[in-house]
Structure formats: structure tokens, C-alpha cells
Amino acid sequence: MFKKIWATCLVVLAGLLLSSPVLADSTLFDGKTITYIVATKPGGGYDTMGRLVAKYLEKHLKGSRVVVKNVPGAGHLIGAKTIFAAKPDGLTIGTFNTSLINSQLTNAIADHPDMNQMSWIGKAAIESRVLLVSAMSEFKNFDDFRKAQRTVKMATSGKGSASHIDASLLAKAFDLNMEFIHGFEGSEAEMSILRGEIDAHVGSRSSLQPFVDNGYGRILLEIGGEPGSKLPQASDLATTDRSRSVLSLIEAQARISRLTAGPGNVNPLVLQTLREAYMSATSDPDFLAEADKLKLPISTASGEAVTALVKAALAQSPEIVGLLKEVLKEE
Amino acid sequence: MLIEASVSSLLDLLISPHMVLLLVVGVMIGLFFGIMPGLGGKLGIVFLIPFTFGMDPLFGAVFLLAMHSVVHTSGAIPSILFGIPGTGPDAATIVDGYPMAQNGEAGRALGATLAASGVGGVIGAVFLSLLLPFASPLVLAFSPAEFFLLAVLGITFIASLSGDNLLKGLVVGLFGLMISCVRLDPMSGEQRYTYDQLFLWDGIDAVTAVIAIFAIPELIGLATRQEVNAEKLASTVKYTFAEVWEGCLDVGRHWALTFRTSIIGAVIGLIPGLGGDVASWMCYGHAVQSSKTPERFGKGAVEGVIAPETANNSKEGGSLLPTLYFGIPGSSGMAILLGALVTLGVQPGPQMATLGLNFVWTLVWTLAIANILAVFILLACAPWFSKLASIRSELLVPFVVVLSMLGCYLAANAWQNFIVLLVLGLIGFLLKKHDWPRPPFVVGIVLGPVAEGSLHKAMAIWGYAFLLRPLSLVMLALILGTIALNIVRLLRRSSRHAHS
């Protein structure tokens, strides 16, 4: 009998130990160097946010050093693949464009890193998308745009890019008559809008806001805006279930912006430590002050929340996946 | 108000020991990054960005700009002494700078390049200051239509870069254009000869192409130079300060060309998306086209050194205009600088022309002073550069090989880029061995993506009517004029050969 009681105690103890939450160890990175990969060239929104996050991550991971490394190319894919293929020891993490979710959904690229397998550490922003036109444009509001008697010329950075897919989905949601002109990289779309060659462009609000603040542009519509946003919201104007589900794809990705991830199978203790440090870093008053100075909107979410959001974003209906493939095949 | 802002910002710059120190340190770092093949200004800014965290925006901007504006001044030194470009845009200097050194005129080439860089940089700064009130119409004048025609104009210069054999030059140039098509098609998203290799999706970068085509053949030559008389080689590149000074005076002698290419460089810098390589090659081509004796080019013509070097530095002032005024970077280096400026809290936009006038003038003075300072520093160091060429090849070649490979790796962040380096290097070696011109290949690689992307956009926006835009018509006339001039020269050369 005594043996049975002892065995039962051992089993209960084992169960308790195995089910207990992983407790972060703040000294885990003491003396270690973490490489924070930014999947773009230096300069630009991802690089700026990445460097800011890296700086404060270093502050909140005791004894660590966080070094930013730019790994640009192939529309963030090289950087994302580099993170995915890294050793899962927590010493290689980084950031890339959430639009890779679209490319995974459509199976457009061989050996695409599986977003469901990434170890999500957190995300720093909600990057709503906006429909931008020139301040001199004939389109004063979205209603004018919708009722345009002609084909609207829409600039994108490239076929299959985030700007192309977002604009295409917007067109599907509201039956807009658009012609896409690809190849406007960086700020070329804004220049083209200024010159009056292009009618509109869809991009992230934070990157296009300075153009609007300088008096050159006008935002007609926002997709995935935060509550309290003064801009007209696409979700308010959608009238059918189909339009709402199309817009929800854009909104889902807008919510998971400026993410930080590591490769799959990172040790739970290491991941928890990184997650906690990330949340501390991004709620640090100095971080928020610097982000404010840089006009970077901050809206953080934990690694656990991002994991769930990514899973939901990847679990699209066959109809939506078909729509995405159709968008990429068109023209 | 303009004069007040310019004078007060100069005084503020000079009386602040901290700012002067940052300027001097920035210049020294820029000269280092320029002289090391494969490093360059972009990497310099990336290296310096962490040091600017916490700095006052103006101090940080002065530091970064001082560094970035002088890289091409020192970048020409390895071009002249070894035929290995310090930076991508300095490759154009090799075409005549290296033959000058081989002809025993290394000192003169160095003097010309230093003075040209200094003058070009100052003219670029003046250009920026004078044009800021007119920035908007100038920057907006250039649409995809003009980009395409500018690229075609540059490609027509291929003929003038081909020396005596136009056909060889065209073949090499078109080969470069063909290689530039290896990338992900931005219009259709399809892979073009990239064979699922991600590092090729953005195309073969100009830094790798330039190092491969110019540096690798020279390194092979250096590595096999044991049979060459070492004393003879050292004496070829040995020079006196008087020779260096002679080169400086050459810039004054060719003042019209110096002024023209400085302005062309600044204008090309003003147009976002063209970049430094375009400025130096276009100005080199202009120097050849405008010369009464174009047959001297490629064999050691000092104008072939002056033209690209003025453009390399003057473009900096031009490219600051759209960067500061629109927040749209004038070049890839400016893109990084812009990111750094925004991080420092600088907000580019039209208010720069009014509320930010002091800031802009401080940058103008930084450009001018940094360029002048760089010239004096390098002139003082000039006697030691010739010693570099007499270093034993067993020591020099591995060092330069490692630097070149580092530059290639950093350009693409992929080890597979070494394969591209080797393949193109082999092509460069064969071209050199069989006396085929190499510059047209680089022009093709650099201008191909600009030409293709701009043509697609122009056709999508206007159809063929893009050729009827006013500025497009002017550029078409320039292109046809250039082609006609080349044909006339070719015919004259053929008739001269027939008579002799």
C-alpha cells in the first residue's frame, strides 16, 4: 500500500511539474549576442522599427547584446527564410512583412517558410492600409472613387506585392474598376501621384501619412484602422458578407504588423523569456517616447496572441484562397 | 532671409567644436569606406547609424552627410592605382585613370581626381542651395517617360565607350543588358532565369558586376606579375607632388567640362531612382562625346578622370533635394540617410524650404566643407599612396580579394553571390585578354532595370504617346543627335584608315 501511495505521489508530482507554466529566466541571455534580422535594406519603416525594438530588447534582456542585421531581397522572403532556417536557440530572431501570409496561402513559392511553425515573439503595431490619392485629385471621397466613370490607375510595387494584393482585394470587395501599374518601388508611387500620372495607391498608413501631412495627398479610406480613427473605415462601408470576408483578410494582416519572430521549435523557456522581454521593451516609457517622436504607431500584442492571429489568418476559406490565386493570375 | 540663414548656419557650424569634430571624423570615416573596395557610402551610413542614436538631429545629420559625401573622393584611388574600383560609381574612373597610371601619370591622375571631386562636391552644394526654392517643379519634371529616355541616352553612350571597335562595344553592352534581365519580373512576378535562387530575384547588383568585371581581371594580372620587373612597376606609379599638383591644375584647364559634368551629375542626382553609377558613366560618356579627340579616351585622357569624379560628388547635392524636400530619396545611399534622419527626428517635406532653412544650409555647408577637407587630407597623404602599388602582390592580392568578396557578400547578403562574382570575373578576364571593351557591360547592367521598368510604366500610363511629351522630345533629339554623331565619327575614322 505504501508503494501505491508513493507511486501516486510521484505521478501527481510529475504531472504538476510537466503542466506548470514555463517561467522565464531573465539571465538566460547574459553574455549572449542576439542577431535581429530586418528583411529590408537599411532605412524605411521595418528597419526603423526593428532597430528601435532591438535597442530596447537589449535593455530588457539582462546582459545581452542585440545586433541588427539587414537581410533584404525577394520581397522580405530572404530575411524570413533566414530566420526560419536559423538554429532554434533564440539567438536569431527578426522581422518581415506579414504579407508573406498571402504568398503562403496561394502556394506561390516553393519552400516557403511555414508561418504556423514560426516562434512568434510579439508584434508592435497595427498597420492599417489606406487608399491614397493626390490632394488635387478629382476624387474627394471614397464615394467619388467608387462611382468613377473610368478605369482608375493604381500603382503597386510589383505583381504579388502587398500593395497589389491589398488593392486587388479592395477592388473585389467594392467592385472597383482598376488598372494596376506595377514597378513603383519605395516612394515612386507617391511621386507618380504627385505628377498626376497615377490615380491611387494602397499602402500602410504610417508610411503614407507624412505625404498626406505635407499636403500632397488625401486618404479616401482606411482598412483595419484602430477604434477611434477619424478616417472612413472600409468595414463600415462593406454591405455584403463576401466584401466583409475579403476585407477581413487585409485587416487580419494589418493587425499583425511589425512582428518579431524566431525559427520554429525554439525552447519554451527561451521563447517565454524573449516574449516577456519583448512586452517589457515595447511598453517601456522611453521606447514609447522614441516611437512617438518617430511617428510610429504602437499597438503591441504578445507572442501567444500573434500565434493565434497568424493561425486564424492562415485558416482562410477555399473561396478566399481561390480569390487570392485569381488576383495573382490576372493580367 | 536666404543670406541670413546661410551665414548664420555657417557660423553655427564653425563655432561649435562638437560639430567640427563630427564633420572631421565623418570625413575620415568616409575616406576609409571609399578607399576600401566593396565597402562604400551605404555601408558607412549603416555602420555609423548606431553611433548617432541620442544625438541632436543636426549633429547626427552633419556626421552622416560628411561621411557619405566624400566616399567617392577616395574611392578613385584604388581605381587609378590598381584598376580596382573603390565604389561602384568609381568604376568609370578606371577607364582612363588606370591607363594614366600605367603611362607613368599616376600622380597627375590622382591630382585630377582629387580636385575634380572637391570642385564637383562644392558645385553640388551650391546647386542644392540655389535650387531648393524650385525643387518641386524640377523633381516632378521627370516621369517614367524621361527615365526611360535617359536610360536609352546612357545606352547610346555605349558606342562612345567602345573605343575603336563599335561592334565589340555594342555586343558587350547588349550582353550587359541581357544579364540585367536576370531577376524577378516586377510586372508579371515571374522568375527570369533565376532558377528558384532567391538571391537573384532582385537582379545582379551593380557592385558585384563592377568588382567582377574590373577588379578580378586586374587581381589575376597582379597575382601573375612576378615575371614583370618589380622596379619598373614601382617606377610606373611613383610620382612627385608636382605631378599631383599638375593634375589639380588640369581641372582648371578643363573648367568648362568640369562645370558641365558637375551640373549633369547634380541633375542626375536630383532625379530619384537613377543613382550614382548612372551619373558617373553618363558624364564620362559626355566627356567622350564632347571631345574633339575622342580616340584618346580609354588610353589615359585626363578628361576621362575629371568627368566621372566631378559627377560622383556633385550628385550628392542634387540627390539631397528630393530627399529633404519630398522625403523621397534621390539614391539608395540617400534612402539609408533618410531613414537615419527620420530616426534622428528630422521631418523631410516642403517646410524644409522655409522652416527648415537653417538645417538645409548647415547640410549645404557640410557638403562643401567636407569635400574641401577631403581633398586637403588626401593631398597630404598622396605621397604614401604610390607606396601601395609597390607592395608585393603576395600581400596585396589576398587582401584585395577578401575585401572584394566582402563587398559582394554585403551587397547581396548571400554567399551564392561569390559564384556570380567568379562567373562574371571570368567573363571580365576573357574580355580583357582579348581586348574587348568592358565599360559597356557595366553600363548595360546598371541601366537595364531602369530602362525596362520605366518603359513598362510609361507605356501603361500613356501608351506610345509618352514619346510626345515635351521633355521626352528634347531627349529623343539628344539620343538621335548622339547616334548621328557616333556614325559621323565612325565614318571619319574609317575614311582616315582607308587613306592611310
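Reader: What makes strand E6 (residues 152–155) of chain A and strand E8 (residues 200–204) of chain A a pair?

Author: Strands pair if DSSP finds at least two bridges between them, and E6(A) and E8(A) have two bridges, in the parallel sense. Strands here are DSSP runs labelled E of at least two residues, and helices are runs labelled H or I of at least four, both numbered from the N terminus. In E8(A), His201(A) is the bridge partner of Ala155(A). The model is predicted: local features need pLDDT of at least 70, side-chain atom pairs count only at pLDDT 80 or more, and totals for chains, interfaces and linings use all residues. Residues are numbered from 1 along each chain as its sequence is written, while chains are lettered from A and ligands numbered from 1 in the order in which they are written.

Reader: Why are strand E7 (178–181) and strand E9 (217–223) of chain A said to stand at the edges?

Author: The open sheet has five strands in the order E7-E6-E8-E5-E9 (chain A), with mixed pairing. E7(A) and E9(A) each have a single partner strand, so one side of each lacks a neighbour in the sheet. From one strand to the next the twist averages 30°; angles run from 0 to 180 degrees between N-to-C directions, and axes are lines fitted to C-alpha atoms, for helices over the stretch in contact.

Reader: What does helix H6 (residues 162–174) of chain A touch in the sheet?

Author: H6(A) packs on the sheet and touches strand E5 (129–134), E6, E7, E8 and E9 of chain A. Contact is counted between residues whose C-beta atoms, placed from the backbone, lie within 7 Å. The direction of H6(A) makes about 115° with that of E8(A).

Reader: Why is strand E4 (residues 119–125) of chain A called largely enclosed?

Author: A residue is buried if 20 or more other C-beta atoms lie within 10 Å of its own, exposed if 12 or fewer, and partly exposed in between, with C-beta atoms placed from the backbone. Seven of the seven residues of E4(A) are buried, so the strand is largely enclosed by the rest of the structure.

Reader: Which strands does E4(A) pair with?

Author: E4(A) runs antiparallel to strand E10 (residues 257–262) of chain A, joined by five bridges, and Ser257(A) in E10(A) is the bridge partner of Ala125(A). Two bridges join E4(A) to strand E11 (residues 301–302) of chain A, also antiparallel. There the bridge partner of Gly122(A) is Ser302(A).

Reader: How do you know that both faces of strand E3 (residues 92–95) of chain A are covered?

Author: Thr92(A) and Gly94(A) on one side are buried, as are Ile93(A) and Thr95(A) on the other. E3(A) is joined by four bridges to strand E1 (residues 33–38) of chain A, in parallel, with Ile93(A) as the bridge partner of Tyr36(A).

Reader: What makes Met67(B) buried?

Author: Met67(B) has 28 C-beta neighbours inside 10 Å, so Met67(B) counts as buried. Met67(B) lies in helix H4 (residues 57–68) of chain B. Leaving aside neighbours within four places in sequence, the contacts of Met67(B) include Gly26(B), Ile29(B) and Leu48(B). Over the 500 residues of chain B, 58% count as buried.

Reader: Why are Tyr193(B) and Asp435(B) called exposed?

Author: Tyr193(B) has 11 other C-beta atoms within 10 Å and is therefore exposed. Asp435(B) has 10, so Asp435(B) is exposed too. Tyr193(B) is in the loop between strand E2 (191–192) and helix H11 (206–223) of chain B, and Asp435(B) is in the loop between helix H20 (417–433) and H21 of chain B. Phi is positive in each: near 55° for Tyr193(B) and near 60° for Asp435(B).

Reader: How do helix H10 (residues 166–180) of chain B and H21(B) cross?

Author: The axes of H10(B) and H21(B) come within 7 Å and cross at roughly 35°. A crossing is right-handed if the near helix is turned clockwise from the far one by less than a right angle, and left-handed if anticlockwise; that of H10(B) and H21(B) is right-handed.

Reader: How many residues of chain B are in contact with chain A?

Author: In chain B, 31 residues are in contact with 32 residues of chain A. H17(B) gives the most to this side of chain B, with six residues.

Key: Contact = placed C-beta atoms within 7 Å.
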